Amino acid sequence: VQLQASGGGLVQAGGSLRLSCAASGRTFSTYVMGWFRQAPGKEREFVAAISSSGSNTYYAGSVKGRFTISRDNAKNTAYLQMNSLEPEDTAVYYCAANLYRSSDYHDYDYWGQGTLVTVSS
């Protein structure tokens, strides 16, 4: 599966952005989708994941209550709605696909190219 992330940009603290991850191929609905982020000088970290059906979602503690992951299998697209953004959320955001749920980025087989989110204070 090939992934294309989009939707990043510059936003003020307290603002919102919605990231999209468009997938190619007819097997999108079989994959767990995850979002990760990597700030300069830091390791890539887990943000959120959603089961293949969309019934179950998982979040890192730092974003729980502010970010919402979702997917539309008919459109082969996953989303990350980010609200109440903070400067600490500044990073390159990546979407990824895997056949099972994991918060470890090493476990994900397919990656999008990343989209930059910058939150100004």
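Is Tyr110 buried, exposed or partly exposed, and at what relative accessibility? In this predicted model, local features need pLDDT of at least 70 and side-chain atom pairs count only at pLDDT 80 or more, while totals for chains, interfaces and linings use all residues. Residues are numbered from 1 along each chain as its sequence is written, and side-chain values use heavy atoms, with hydrogens and water left out.

Tyr110 turns out to be partly exposed, at 31% relative accessibility. Here buried means under 20% relative accessible area, exposed over 50%, and partly exposed in between (1.4 Å probe, protein chains only).

Rings of Phe, Tyr and Trp (its six-membered ring) pair if their centres lie within 6.5 Å; planes under 30 degrees apart are stacked, over 60 edge-to-face, and the rest tilted. Tyr31 and Tyr110 make an edge-to-face pair, because their ring centres sit 5.7 Å apart with the planes at 85 degrees. Tyr31 comes from the loop between strand E3 (17-23) and strand E4 (32-38) and Tyr110 from strand E10 (residues 110-111), so the pair ties together parts 79 residues apart in sequence. Strands (E, at least two residues) are DSSP runs, numbered from the N terminus. Tyr31 itself is buried, at 10% relative accessible area.

Phe36 and Tyr108 also pair edge-to-face, at 5.0 Å centre to centre and 75 degrees between the planes.

Note on methods: Helices (H or I, at least four residues) and strands (E, at least two) are DSSP runs, numbered from the N terminus.
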